[in-house]
Amino acid sequence: MIYLILLVLCTVAFILMFKVFESYDIHVFQAIVFNYWVAFFCGLLFLPLNSFAQIRYASWLPFAFLLGTSFITVFTLTGKTVKLFNVSTASVAMKLGLVFPVMFAFIL
């Protein structure tokens, strides 16, 4: 139950951040890309030195780049939805976006 409450709180905070971006005239795409670079360098900071060479040749690396690109796309679309419509519309759209993959996973 605690995880469900945390999920709801984080989702609402995530969507409200885009509304704050709009009020401070922060470009959403630039903020998202900057966040990814910061997360990348923080990840490198805590990475053991000998594992960097292993990651360069990992078989999952292209999929990680694909996943990162899709996250940037989804976050940008969410930011545009908040800007064009409102927070509640973006929240409903995000929750509906989770329904279809979960149903597909149960069917498979």
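Visitor: Which residues in α4 meet which residues in α5?
Guide: T78, T81 and V82 of α4 meet V87, T89, A90 and M94 of α5, where contact means heavy atoms within 4.5 Å. This is a predicted model, in which local features need pLDDT of at least 70 and side-chain atom pairs count only at pLDDT 80 or more, while totals for chains, interfaces and linings use all residues. Residues are numbered from 1 along each chain as its sequence is written, and side-chain values use heavy atoms, with hydrogens and water left out.

Visitor: At what angle do α4 and α5 pack?
Guide: Helix α4 (residues 61-84) packs against α5 at an angle of about 145°, and their axes are 7 Å apart. Axes are lines fitted to C-alpha atoms, for helices over the stretch in contact, and angles run from 0 to 180 degrees between N-to-C directions. Helices (H or I, at least four residues) are DSSP runs, numbered from the N terminus.

Visitor: Is T78 buried or exposed?
Guide: T78, found in helix α4, counts as buried because its relative accessibility is 7%. Buried means under 20% relative accessible area, exposed over 50%, and partly exposed in between (1.4 Å probe, protein chains only).

Visitor: What is T78 in contact with?
Guide: Leaving aside neighbours within four places in sequence, T78 is in contact with F14, F18, A90 and M94.

Visitor: Moving on, how do the axes of α1 and α5 cross?
Guide: The axes of helix α1 (residues 2-23) and helix α5 (residues 87-107) come within 10 Å and cross at roughly 135°. That makes α1 oblique to α5, since angles under 35 degrees count as roughly parallel, over 145 as roughly antiparallel, 65 to 115 as roughly perpendicular and the rest as oblique.

Visitor: Which residues make that contact?
Guide: On α1 they are T11, F14, I15, L16 and K19, and on α5 they are V87, A90, S91, M94 and K95. By class, the contact of α1 with α5 has six nonpolar, two polar and two charged residues.

Visitor: What about T11, buried or exposed?
Guide: T11 is buried, with a relative accessible area of 16%. Apart from neighbours within four places in sequence, T11 is in contact with M94 and K95.

Visitor: How far apart are E22 and K83?
Guide: Their C-alpha atoms are separated by 6.8 Å, although the two residues are 61 residues apart along the chain. E22 is found in helix α1 and is partly exposed, at 32% relative accessibility.

Visitor: Finally, where does D25 lie?
Guide: D25 lies in the loop between α1 and α2 (28-45). D25 has a positive phi of about 55° although it is not a glycine, and it is exposed, with a relative accessible area of 73%.

Definitions and conventions. Helices (H or I, at least four residues) and strands (E, at least two) are DSSP runs, numbered from the N terminus. Ala, Val, Leu, Ile, Met, Phe, Trp, Tyr, Cys and Pro count as nonpolar, Asp, Glu, Lys and Arg as charged, and the others, Gly among them, as polar.
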